[in-house]
Amino acid sequence: MVDAVSFKTRARTIDHLGREQIADCPTAVSELWKNAYDAYATTIGLHIYDGELPIVSLVDDGHGMSRQEFIDKWLVIGTESKATGNIVDEADRNGLPIRPKQGQKGIGRLSSAFLGPLLLVVSKRRSDLFTAALIDWRLFENPFLYLQDIEIPVVEFHQREEIFGFLPSMFDSLRGNLKGDGKDSARAVRITKAWDEFDKLEASEGKPSTRGAMEHVVSTATFNVNHFEQWPLWQGESDHGTILLIADIVFDLEAQLDSRVKAEDLDAAAQAKERLFQTLSNFTDPYSDEDNFSNGYGAQAFNYSVTAWDGALRRAVISNQREFDVRNLEDLEHVVEGTVSDLGVFTGRVKAFGRWLEGDVVISPKSDVSNRSNSKVGEFHLRLGTFQQIAGSSSHPPEVHRKLLEQSLKYGGVMVYRNGLRVMPYGREDSDFFEIEKRRSLHAGRHFWSNRRTFGRVALTREGNPNLKDKAGREGLIDNKSVKVFRDLVENILMKTAYNYFGTDSELQQKYLPAIKESRAKEKAEEERNKARASRRKRFRGNLKKYSPALQAYCDELNALIIKVREASLDAEGEVVSLRDKMLLLKDQSRDFSLGEAPRNLGTLEKEYEDYRYNQRQAGEMLFTLDQSLTSALAILKPKSPRDVVFSDINSNAAFLQTRLRKWNKEARDILDSEQVRIATLYEESSKRYHALTLPLLDDVEYERISLADALERLAIERDKVDSDNSEIFEPYISAMRSLQENIDLETLAAYGMDTVDEMREELDRLHSLAQLGITVEIIGHEIEGLELAISEGLDELPELAKSTKPFSDVKVAHEMLADRLRFLSPLKLSGPTFKVSISGQEIMQYVNKFFGMGLLSKDTTIASSEKFNRFSVFEQPARIFPVFINLINNAAYWVGQRSSGQQRILLDVVEGKVVVGDSGAGVDLADQNHLFSLFFTRKVRGGRGVGLYLCRANLAAGGHTIQYATEDKFKILPGANFVMDFKGAVYD
């Protein structure tokens, strides 16, 4: 006799199919989000609320469920709708295009059990009533309870607020699953017996009672209005959607509430936060462009977020606002993107070392790919990008490289997406599906790609890749033949692009990397120069602000001493010695007003620095006068003991030197002590850094989240990175200390290097400006000549009656003066005559007198030349000689004209076979003498362009002649500025 017997299902089957299948909390959340996506939601939010019993709400604006759908579908495990691929009615798509189903097993809703045991579901379709159900998933942990004995309270109502009136009765109904509800005595007996057996089992295993925990949660859980307020339907933004409210949440969600994390759980909470962020921050594909969306690779109109609430205070944990997306990826220096056909052939484009390669790149598979329906992979899209690990080898600027390193920690990893939604766990730090790090362990340079330093994804579609299916627990793809081929295809692309374009064996690296390294080295040097320049400027500005009032007071004190000396009789030795001692004391103080080297570009400090230098000159002149006067007076008095006077000066000078030495010694020691503390701190931080980065790997290895080989490779990579960072800190520092030990003046070297670079850059800018100026003069000169000729002819053709008038006479005179000016400008023209002639000093004076005789000089200014100058001659182009003297005399005329009194003279002479042009003006300040011949450098208050002296030197240099500012007394023919010119081949008869 054959009996027909059916399966009986224990309640625990639901726990096996749901909570125990899910790997972790983030994966559970992603499954519920996918369900919302399948329900055509455009907004999904996870909100974590603090309270006596923390509660989570998952809200969406999907099409929702009616009461019947909830009973017939949501409460039925393994429904047929997703398995059969039925198309969702257009009315339920909320105006969106058809979305490929993301769920495959019909058990995704059970993921909510992983987040917390107590679940309140409220849902509404557009044209139906509200439906609500209350579930405690711990009911399904009891191995002695039959599934058919568990009853889920379900209610239906019209208005949203009615849910709060139904909750007490729903909780009562839920408690009936612990002891029965009095309606079915046989069920009550079975339930009571099942829980008694479960209590005994848990007690024997030393576990707390599940029934007791359920009774506690059911009694204390409170769902209130605050938990519903973020639901779009509750806010009136939608008339359909679903909300899941979960109480007694898992640690991973509670860890997002900073106020609830205990001190001993800080490390575990940090890991939970990191894992949630890594998994959900890129839930939808951020690396798809418009073409990808049109081909079904992207997910559109789906916004997601995770928010933590501390009372009314909210903190965004995750949102779909992209910090790194397809645009950022395509800005990386290395990019591979394209499509892999169903035959496994990659066709796309490659960017290497910041340059897109011309034409399409084609990469064939290692072997033929099967196209059988049950094992084919199908077409998929790939977009990956990365950057050089070391900043000095990267085509990215240092600040961009630093940003990429930070972003790689948050968003790096090769992910996999199906129709725009992420396939877990690919892309997480502990997942290396394409064995990138395994290959790097063999040869990091040759294989190049790094899992955490790579941004991007492989994009699949359900229709195009039907054999690439998720595992039941959503922890990756089922490891069938198609998946193996899929992985081989991607790995082949990674290896060949590394070999051909990015890695140490590629020609492109050998071609471009040296230039990139050189460029980065220059940029680093420039950065250091800018830091040093900023430091010098800051120090100079501080000194100027600090010393300016002190210097003014010092000048006042010197002036007071001068008045005292002027009024003293200076005929008593004691009085003279006393005054001289005061003068020497003030002279010692003058060393305290050194500002250091002034920046080349003073900017807003120009006027303040001019005033400061004026006071310094005044102080120097007063000290010189006092010193000369008092020393002379002392010598006239013939002191009784000259030895005592000298000995007193020796002691005074020695005390001065000792005081300054003590000051420098203290300052140096203070800096050294500060540096010792800083270096010790750096050493301590650097010593701990490697352990901080690598110790978490111990738990990863122990719990098999990462393989031993991968862990060892990570250790080696981190060692090299930390060592590189340490060397960048300590090696330059030690080198600088050695230079100091060898008495190498680093400050002078740095200042000289910066000044040289600045001068070269300024010189280049000046040359460009001068070239443009010369071209402009050339063009305008031709135009003026043509206009002058037209005016001249026009004036000649006027009738005689017009020529006899006074206006005509005035215009004629003005025209002749303009023509004279034009003739004097002709030597400056670039395309003028290039022949050489003998030019005498007398001819130069005649040219000068004629030029400046037109009223350009003040009537109080005289120009004279010596007989030696008149007899001087040089064989040269007039265009090189005449403009030089015009510029020099024009400058001299300006500066002598600035004197309020005294004779205003300009003299041309010859001293020791060199021509000198001198004036009776104020002369050139010592600090400005090095810049006199720089283009656009001028101290003129008005009318100055800073071009004349530069042109003088350039003109003379073209013929092998030189010009310099006179610093030796023998060349100072007048007390003001004196310029000395050495003419090659000149004759001095």
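**Helix contacts and backbone exceptions**

In helix α6, residues G176, N177, L178 and K179 meet R187, A188, I191, T192 and W195 of helix α7. Contact here means heavy atoms within 4.5 Å. The contact of α6 with α7 comprises four nonpolar, three polar and two charged residues. Ala, Val, Leu, Ile, Met, Phe, Trp, Tyr, Cys and Pro count as nonpolar; Asp, Glu, Lys and Arg count as charged; the others, Gly among them, count as polar. The structure is a predicted model: local features need pLDDT of at least 70, side-chain atom pairs count only at pLDDT 80 or more, and totals for chains, interfaces and linings use all residues. Residues are numbered from 1 along each chain as its sequence is written, and side-chain values use heavy atoms, with hydrogens and water left out.

Helix α6 spans residues 163-179 and helix α7 residues 185-204. Their axes come within 6 Å and cross at roughly 70°. That angle makes α6 roughly perpendicular to α7 (65 to 115 degrees; under 35 is roughly parallel, over 145 roughly antiparallel, the rest oblique). Axes are lines fitted to C-alpha atoms, for helices over the stretch in contact, with angles from 0 to 180 degrees between N-to-C directions. Helices (H or I, at least four residues) and strands (E, at least two) are DSSP runs, numbered from the N terminus.

A second pair involves α2 (residues 25-38) and α10 (residues 266-280). The axes of α2 and α10 come within 9 Å and cross at roughly 35°. The crossing of α2 with α10 is right-handed (the near helix is turned clockwise from the far one by less than a right angle). P26, T27, V29, S30 and W33 of α2 meet R275, L276, T279 and L280 of α10. Five nonpolar, three polar and one charged residue form the contact of α2 with α10.

Backbone exceptions were also examined. Most residues other than glycine have a negative phi, and most peptide bonds are trans. M424 and P425 are joined by a cis peptide bond, with omega about 0°. P425 sits in the loop between β15 (421-422) and α14 (436-442). E435 also lies in the loop between β15 and α14. The phi of E435 is positive, about 55°. E435 is partly exposed, at 31% relative accessible area (buried is under 20%, exposed over 50%, partly exposed in between; 1.4 Å probe, protein chains only). Y40 has a positive phi near 65°. Y40 belongs to the loop between α2 and β1 (43-49). Y40 is buried, with a relative accessible area of 2%.

Cysteines complete the survey. The whole structure holds zero disulfides (pairs of cysteine sulfur atoms within 2.5 Å). C555 is buried at 7% relative accessible area, and C952 is buried at 1%.
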